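Me: I am new to this structure and would like to learn how its features are read, one at a time. Could you take me through them, giving the general idea and then the case at hand?

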Amino acid sequence: MTVTPTTWKPGTLEASLRAKRDAGQKLLLPYVTGGYPINDWPRLIEGFASVGADAIEIGIPFSDPVMDGPTIQEASSLALGEGSNPAAVLAEVAKTDPGIPLIAMTYYNICFHMGHERFASSLKEAGISAAILPDLPLEEVEEWAAVADEHEIETVLLAAPTAPDERLPRIVSRSRGFVYGVGLVGITGERAELASSALEMARRLKDTTDLPVVIGIGVSSPEQAAEVAEVADGVVVASAIIRKMLEGGTPEDAISFVGELRAALDGV
Amino acid sequence: MTAIDASPSVMGDPDENGRFGRFGGRYVPETLVPACAELEDAFREAWSDPEFIKEFHDLLRDYAGRPSPVTECHNLSAELGFRVLLKREDLNHTGSHKINNVLGQALLAKRMGKTRLVAETGAGQHGVATATAAALLGMECIVFMGEVDMKRQALNVFRMRLLGSEVRAAMSGSRTLKDAVNEAMRYWVAAVESTYYCLGSVMGPHPYPWMVREFHRVIGNEAREQCAELLGPDSNGGVPDVVVACVGGGSNAIGIFSGFADTNAELVGAEPSLGAAVGRQVPGVVHGSMSYLMQDEFGQVQEAHSVSAGLDYPGVGPEHAHLAEIGRARYEPVTDSEVIEAFQLMSRTEGIIPALEPAHGLAWMVKAKDELAGKTVLLNMSGRGDKDVAQVQAILDGDVEALEMMRS
C-alpha cells in the first residue's frame, strides 16, 4: 500500500523545523555515532539538545559506509568493534528524552535486512521520527518510504549539486521532514573552506521548495555554518563534532562545540 | 533436476530500473545518480553504433588476441571420465578475461570525454587490465587496492605502476576487495565530473551489471560457435551438456553463460565455500545493487575468505542471484583444499597452469565426476596461474611464514 503525498501530513520533524524556521531561527542538526564513544554516546543526545540543537542525527553504524569520509568511518568502525548493533543503538536512544526530534541515519542494508515494517516500527518505538538512508535515492526509495509514511517515520531525501534542475522538484516532493542539500560533490568530512556549491545548492533548493532546506557535508565550523545559513534554513554538522572526540576530546567538548555552532547560527 | 528454462528472455536486458527479476537496481548516493544515468545513456548509444562495436572488436582481435581458442583436454577427460573442454581466456593479453570489459569501458569513457579512469582491484587482475587499457588509450588511471591485497600481490602493484597508473591503498575495514570498492566509490563521488569508474565485475549500480556482461558476452558467443564446430550436430546439437565457471562477482561466468542461456546446457557456478553468496541465498544491498550478500544477523557485510583473492568478495552480481532464483543456473561450493588439488591436476595432466579462480570450476567437476560421467563439460579457463604459483608453492610446502605474509 502506498500513501500519496496528498493524504500525507507533516510529521513531528517537519512540523517542529517549520515552526522554528518560520519564527526566524536557523536550524542546527548535529550528529552522533550510535556506539561512539562507547558508553558516553547516549548522553551526547540530551547534551546537544541542552545547548540548542533543533534535531539530532543518530548514525547507526554500517560496515561499508560509502558516503562517509575517514572521520565517520573511524567512529563507525570503532563502534562496530565494540559490538554496536542497530538493536542496541535503538534501545539506548529509547532511554533518552531530549525533547527534540531524532533522525536515524544509516545505510539501506540495515533497514532492508531488518525488514521495512520492523525497521519503521523499531524507530518509532525508540522515539525516532525520521530516517536518512544515503544510498537509497529517489528511484529506489518508494517501497521503504511508503511503509515509513504509514508508520509516521519521515524519510529525508538528499539533493546533490550534480542533480539537473528538473530532478530537484521530484526530490523535494518525496522528501519528508526537510530536504538535505549536499554541500559539495564528495563524501562527508571537514573542509578548510565552505564550498561555493553549498550556497548554490541552498539557493537552488530554496527556489524549489517551502520545505526546510538544511545543508550538510563539508560544513565544519561555526563560521561555515553561519555562512551557509545566510541562504539555507539550517545545517547538519557531523565530522567536525566526531573528530573532536576521536582526537581525545571529551563528550563535554563536543557538546560545547555544538553550543558554539548554535551561537554562530543565532548571529545570522 | 528441474527442467531448464531455455526461453530467449533468459539473460535478456534488465528492466528499465536495471533489475534482473528482483535483483539489481541503482542504490547509490544521490550525487552519483545523474552519472549512472549519463553512463546508461552513453552505453545504449554506443552499443547501438556499429562504429563503436567495430572499434571494440578490432581491439579485442588485434590487441587482446581474440578469439581465444577452445581446447579439448584429452588427458583430463580420460582421467575424469567425461569430455572436458576449456575456453581459453587465460591466453588473452594480460592473462585473463578481464581485458574484454576494460577495453569496452575505456573506449566508452573516452567517447564520453572522460580523461581519468578509477578502478578497484582484488588480486590485481582487473587493476592491471584497467592500467593496460589506460596506457593504450592515453588516459590517467587510479587503482584502489586493499592494503592486505597489495602485500599479497606485490608484483601486480608493480605492474600497474609500470603501466603508468597510480595505486592507492584502501586502508579501511578488512583492507581487501570490498574496501577497495568502497574507496573507489568514494573517490568517484568526489570526482564524478571528470572521472569514469571502470568497475571490474558484473556488480554495482545499473547499468554496470548489464554493461559488463555485454562486454564479456564475446566469451560465450565465441564458445558457442567453437563448440558447435568441435562437437558437431550429433552431440547435443553442438552444445556442451554442462558449462562451468567460477563465481566471485561473477563476470567470467556471466560472459560464458550468456552464450548458452538459450540452450539446454546446464549452467554451473563454482563458489568458494567461505565466499558463497549465492549458496547462502540471503539478499542484501551493497555497492549499488541488490543481490545475494554475505552478512551477519544485523545486515553488516561479512568478509569472504578464499585462497583466491579474485573470489574474495562477499557479494555476487545481481544477474547470478536472478539465474539462481529462477533455477537457470546452479551454484556449488568448493573448498580451498579441493581447489589446490584441482590446480595441480590441471597442471599435471594438461600442461596448463590455471589461475586459482578457474581451478574452482575444475574442483567442482572433480567432485561431481559421477554425475558428469559421459557428458561434455565446458569450463571457462578465465585466467592463467602465473600470479598464483608462489602462493601455491607456499601452501604445498607448508610454509606458514610465507603464507602469513601473503595473507597478512
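Me: In which sense do strand β1 and strand β2 of chain A pair, and over how many bridges?

Reply: Strands of a sheet pair through backbone hydrogen bonds, either parallel or antiparallel. Two strands are taken to pair if DSSP finds at least two bridges between them, and helices (H or I, at least four residues) and strands (E, at least two) are DSSP runs, numbered from the N terminus. Here β1 (residues 27-33) and β2 (residues 56-59) of chain A pair in the parallel sense, over three bridges, and T33(A) has G59(A) as its bridge partner in β2(A). This is a predicted model, in which local features need pLDDT of at least 70 and side-chain atom pairs count only at pLDDT 80 or more, while totals for chains, interfaces and linings use all residues. Residues are numbered from 1 along each chain as its sequence is written, and chains are lettered from A and ligands numbered from 1 in the order in which they are written.

Me: What is the order of the strands in the open sheet of chain A, and which are the edge strands?

Reply: The order of this nine-stranded open sheet is β5-β4-β3-β2-β1-β9-β8-β7-β6 (chain A), with parallel pairing. Its edge strands, each of which pairs on one side only, are β5 (154-156) and β6 (158-159) of chain A. Helix α2 (residues 41-50) of chain A packs on the sheet and touches β1 and β2 of chain A, its direction making about 170° with that of β1(A); contact here means that C-beta atoms, placed from the backbone, lie within 7 Å, and angles run from 0 to 180 degrees between N-to-C directions, with axes as lines fitted to C-alpha atoms, for helices over the stretch in contact.

Me: How many strands form the open sheet in chain B, and what is the pairing?

Reply: Six strands form it, in the order β3-β4-β14-β9-β10-β13 (chain B), and the pairing is mixed. The edge strands are β3 (70-72) and β13 (329-334) of chain B, and neighbouring strands are turned by 25° against each other on average, direction ignored. Within this sheet, β9 (residues 242-246) and β10 (residues 266-272) of chain B pair in the parallel sense over five bridges, and C246(B) stands opposite A270(B) in β10(B).

Me: At what angle do helix α4 and helix α9 of chain B pack?

Reply: Angles under 35 degrees count as roughly parallel, over 145 as roughly antiparallel, 65 to 115 as roughly perpendicular and the rest as oblique. Helices α4 (residues 98-111) and α9 (residues 208-231) of chain B pack at about 130°, with their axes 8 Å apart, which means that α4(B) is oblique to α9(B). Residues making the contact include N100(B) and G104(B) of α4(B), and F215(B) and I219(B) of α9(B).

Me: How many residues does the contact take from chain B and from chain A?

Reply: The contact takes 28 residues from chain B and 31 residues from chain A. On the side of chain B that touches chain A, α8(B) gives the most, with six residues.

Terms used:
Contact = placed C-beta atoms within 7 Å.
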